[in-house]
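Please open the structure in your viewer and keep the selection panel at hand.

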There are 2 protein chains.
Amino acid sequence: MIKEINTVALVGSGNVANHLGVALKDRGVNISGVFGRNEKTVDELRNLLRCKKFLTLDEIKADLVIVCVKDDAISDILEGLDKEQLVAYTSGSMTLNSLARKDHTGVFYPFQTFTAGKEVNMFEVPFFIEANDTYFAHLLFDLAWKLSRKVQFCDSENRKLYHLCGVWVNNFTNHIAFQAKDFTDKHDLDWTNLLPLLKETVDKIEKMNPYEAQTGPARRNDQATIQLQESMQHGIQKEIYSLLTKSIIETYKKA
Amino acid sequence: MIKEINTVALVGSGNVANHLGVALKDRGVNISGVFGRNEKTVDELRNLLRCKKFLTLDEIKADLVIVCVKDDAISDILEGLDKEQLVAYTSGSMTLNSLARKDHTGVFYPFQTFTAGKEVNMFEVPFFIEANDTYFAHLLFDLAWKLSRKVQFCDSENRKLYHLCGVWVNNFTNHIAFQAKDFTDKHDLDWTNLLPLLKETVDKIEKMNPYEAQTGPARRNDQATIQLQESMQHGIQKEIYSLLTKSIIETYKKA
């Protein structure tokens with residue numbers, strides 16, 4: 001096997017492929033080319049990375065292929081690649097065991113949300129690495145180490161757990177903000193007034209245990225305010241308010 | 001009435017009194033003294049601000065008294081102060097109408113969470129100002145303008161609405177993070193791995209509508225992943241997961 005991954009090919013042309021491609025190129029890794037179904041975004045990415053466009057999976061030449069596609073497309077891509085080709089995929093919830101392809105297959109999972117046109121400090125992004133073969137796992141680790149200082153080996157079960165945490169921290173936090181924005185829209189309030197508070201909330205969590213950081217009517221079990229606020233809301237928004245309030249009250253009752 | 005508020009006395013010695021006191025002093029406002037029930041924190045705050053300690057409400061001398069105490073203590077404090085004394089309180093949900101004291105009474109509500117030992121960029125904090133008397137309202141506005149560039153007049157009803165938004169954006173976001181941390185603790189995962197994602201989530205919301213920013217299994221209505229993740233959770237955590245998932249699915253069904 002090779003000693004170091006010097007050349008990477010990308011399968012997929014979405015946000016993960018874009019951000020990884022740019023970061024790898026910036027750190028001196030050669031991007032041999034991009035393969036993907038969406039002609040427009042593949043062309044944009046190959047122009048950005050100044051690399052080839054592969055028209056079939058057979059054409060791909062690289063030390064490593066990183067597969068940045070949706071979970072339900074990973075298996076087909078893996079089957080289409082040469083059996084000797086080193087391949088890693090970027091999914092949080094797809095376990096290695098669930099795949100038919102066993103050899104030369106690994107995981108290169110950046111635990112971050114990537115958005116088109118928005119730079120991320122890749123150095124701070126946790127990378128979760130896994131492969132059945134220890135040597136390949138180390139090759140992937142070393143590659144991730146070029147991008148980040150938070151690289152870790154992580155088996156499929158723990159990766160699934162982290163992925164679920166990501167749903168909480170990213171998807172649910174975002175939906176909480178959506179509900180607040182929806183409320184400001186309905187009442188003609190200025191949504192941007194909420195942003196400094198949201199930012200400080202997260203700043204605080206980074207420095208302080210969220211258990212200690214909790215404040216508010218539910219934390220004080222202030223029933224008068226809770227009932228007033230419930231009366232100001234409707235539908236599923238009210239349901240969420242009540243359930244989260246109940247959960248906070250229960251959390252601090254236990255203490 | 002006076003033309004400008006040059007001297008402020010503080011009632012209360014908690015985080016709001018501390019942060020407002022320091023910010024006002026920094027901007028050249030004279031802090032005449034502090035009154036409060038907790039001798040220890042009052043002494044700490046008067047040392048910090050190098051000001052007097054008032055032993056009774058009668059003793060207080062200042063252009064304005066800012067009352068930074070819990071909602072259920074505000075009314076008593078207001079009754080104890082001289083009827084001619086200008087007074088403002090810092091509560092989000094207490095309406096002006098609900099108070100017996102009508103004259104020379106106003107609201108000076110910083111829409112932010114303040115934590116001991118943690119600096120906040122006061123310039124970015126929205127201040128919501130209200131008073132029955134327009135002239136007094138403008139005096140309060142001008143005082144807040146010394147601290148922040150986000151000062152706004154806001155009546156009691158809208159202030160109550162913002163306060164509820166604060167529960168969502170601060171209290172609930174914090175509890176979502178608590179649930180995620182609780183999950184990492186139970187499964188021996190490293191909580192700090194979640195922080196870059198949490199930070200980026202909020203960064204993204206600041207630049208992008210949370211409606212557009214939503215991703216994840218619920219956004220895609222990916223039932224396989226949702227059912228897998230539900231099976232990984234228990235109790236109220238699972239209930240919250242299911243309700244937020246349902247809410248996200250409903251939000252994008254409407255579209």
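What does B:His104 count as at 21% relative accessibility? The model under view is predicted. Select B:His104 in the loop between strand 5 (86–89) and strand 6 (105–110) of chain B. The residue counts as partly exposed, because its relative accessibility is 21%, and buried means under 20%. Most residues other than glycine have a negative phi.

Remain in chain B and select B:Arg50, which is found in the loop between helix 2 (39–49) and strand 3 (52–53). B:Arg50, although not a glycine, likewise has a positive phi, of about 50°. Its relative accessibility is 74%, so B:Arg50 counts as exposed.

Now turn to chain A and display its sheet. The sheet is open and has eight strands in the order 3-2-1-4-5-6-7-8, with mixed pairing. Strand 3 (52–53) and strand 8 (151–153) of chain A each have a single partner strand, so these two edge strands are left without a neighbour on one side. Strands of a sheet pair through backbone hydrogen bonds, either parallel or antiparallel.

Both senses of pairing can be followed from strand 6 of chain A. Select strand 5 and strand 6 of chain A: they pair in the parallel sense over three bridges, and A:Ala88 stands opposite A:Gly106 in strand 6.

Show the side chains of strand 6 of chain A. A:Thr105, A:Val107 and A:Tyr109 point one way, while A:Gly106, A:Phe108 and A:Pro110 point the other way. Six of the six residues of this strand are buried, so strand 6 of chain A is largely enclosed by the rest of the structure.

Then select helix 4 (residues 134–145) of chain A. Helix 4 lies across several strands of chain A, including strand 1 (7–11), strand 4 (64–67) and strand 6. It runs at about 160° to strand 7 of chain A.

Finish in the largest nonpolar core, which has 108 residues. A:Ile60, B:Ile60 and B:Val67 touch the most other members. Centre the view on A:Ile60: leaving aside neighbours within four places in sequence, its contacts include A:Ala9, A:Phe35, A:Phe54 and A:Gln85. In soluble globular proteins, nonpolar side chains tend to be buried together.

Technical notes
Residues are numbered from 1 along each chain as its sequence is written. Chains are lettered from A and ligands numbered from 1 in the order in which they are written. This is a predicted model: local features need pLDDT of at least 70, side-chain atom pairs count only at pLDDT 80 or more; totals for chains, interfaces and linings use all residues. Side-chain values use heavy atoms; hydrogens and water are left out. Two strands pair if DSSP finds at least two bridges between them. Helices (H or I, at least four residues) and strands (E, at least two) are DSSP runs, numbered from the N terminus. Contact means heavy atoms within 4.5 Å. Axes are lines fitted to C-alpha atoms, for helices over the stretch in contact, and angles run from 0 to 180 degrees between N-to-C directions. Buried means under 20% relative accessible area, exposed over 50%, partly exposed in between (1.4 Å probe, protein chains only). A nonpolar core is a set of buried Ala, Val, Leu, Ile, Met, Phe, Trp, Tyr and Cys residues joined through side-chain atoms within 4.5 Å.
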